[in-house]
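Dear colleague,

Please find below the sequence and the structure that I am handing over to you. My notes on what was found follow directly after.

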Amino acid sequence: MLTSEQILETARRLEHAAQTRTPMTQLSVQFPDMTIDDAYAVQTAWRQLQISRGRKLAGRKIGLTSRTMQKAQEVDEPDRGFFLDDMMFGDAELIPRDRFIKPRIEVEIVFVLKRDLTGPDLSVTDVLDATAWVQPGLEILDARLEMRDPASGQARKIVDAIGDNAANGGMILGGRPMRPDQVDLRWESAMLYVNGTVEESGVAGAVMNHPAASVAWLANSLAPYGESLEAGIPILSGSFTRPVFANAGDTFHAEFSTMGSVTSRFI
């Protein structure tokens, strides 16, 4: 277990890595015995540090929702993270590439709740009943930790992903909001165009068999910490496409089967 001093100092160094756009050594290398609880404590300390500086909680996410990614990280459940107000972007907004270290883009469905949702024991039905609308979204992934340790070649572990706020960089909201009963969320599909070429495609059922299942998991996983999912706060439910690297000048356009589209351009 990490001490409270180690947790706070790690949060401060992650903040510095984000500010300087310089990735730091993996947490699993620095603390070989680091636990998942330690990693979430670091993430929470980082969030509290940012809020103390005047930033505001503006969104949430679930990551590692596909079996492929879980096997790669050697875990059997998703992870979670948060977004702050300056990490939120609108449809077709120009996004400065130099804000990030090495950004990647994923396609996701966004849930917005009409009332707070508190676990445990929530189901897909509970989430759908509490959802005001869903809409297309893109996630910007960006790691503050080295993807591989230079000395050992070790890939990031689950504690690295969690401590690094699930590699959150930003959320892009687009499309037209739809009530959850207006769309078959499990079979909603999307194609991701990069500079006019389809680079990725997928179906939302790849997210835990139903994207609302990941939102239920998120609410249930927050319950032991005394937290709920907040009404009106966008929630990224998990990617159903492979992440694609973003460079200055790239335009990303995700076209959904029934929910419209979402576009972003990096400058």
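**Findings**

What covers the buried residues of H3 includes helix H1 (4–20), strand E1 (57–63), strand E2 (79–84), helix H6 (158–163) and helix H7 (211–222). Please bear in mind throughout that this is a predicted model.

**Helix H3**

Helix H3 itself runs over residues 36–52, a total of 17 residues. From its first C-alpha to its last it reaches 24 Å, close to the 24 Å expected at 1.5 Å a residue. Its buried residues are Asp38, Ala39, Tyr40, Val42, Gln43, Ala45, Trp46, Arg47, Leu49 and Gln50. Just after the helix, Gly54 adopts a positive phi of about 105°.

**Helix H1**

H1, one of the elements that cover H3, also has 17 residues. The distance from its first C-alpha to its last is 25 Å, close to the 24 Å expected at 1.5 Å a residue. Which residues of H1 are buried? They are Ile7, Thr10, Ala11, Leu14, Glu15 and Ala17. Viewed down the axis of H1, these buried residues fall within an arc of 160°, so they line one face of the helix. They pack against helix H2 (27–30), H3 and H6. Arg21, which follows H1, has a positive phi, near 55°.

**Salt bridges**

How many salt bridges does a search of the whole structure find? The search returns 11. Three of them are described here, each with the accessibility of its two partners.

The pair Arg53 and Glu15 has its closest N and O atoms 2.6 Å apart. Arg53 is exposed, at a relative accessible area of 52%, whereas Glu15 is buried, at 9%.

The side chains of Glu230 and Arg60 form a salt bridge at 2.9 Å, N to O. Because Glu230 lies in the loop between H7 and strand E10 (235–239) and Arg60 in strand E1, the pair ties together parts that are 170 residues apart in sequence. Glu230 counts as partly exposed, at 22% relative accessibility, while Arg60 counts as buried, at 4%. Both residues also belong to a network of salt bridges that links Arg47, Arg60, Glu227 and Glu230.

Glu200 is buried, with a relative accessible area of 14%, and Arg242 is partly exposed, with a relative accessible area of 46%.

**Annotated domain**

An unreviewed UniProt entry carries the annotation "domain: Fumarylacetoacetase-like C-terminal" for residues 88–266. In the model, the end C-alpha atoms of this span lie 14 Å apart. The span is 14% helix and 35% strand.

With kind regards

Methods. Residues numbered from 1 in each chain as written. Predicted model: local features only at pLDDT ≥ 70, side-chain atom pairs only at ≥ 80, totals over all residues. Heavy atoms only, no water. UniProt positions renumbered as here; feature names shortened; annotations may be inferred. Helix = DSSP H or I, 4+ residues; strand = E, 2+ residues; numbered from the N terminus. Expected span 1.5 Å × (residues − 1). Buried < 20%, exposed > 50% of the residue type's maximum accessible area, 1.4 Å probe, protein only. Contact = heavy atoms within 4.5 Å. Salt bridge = Lys/Arg side-chain N within 4 Å of Asp/Glu carboxyl O. Arc of directions from axis to C-beta.
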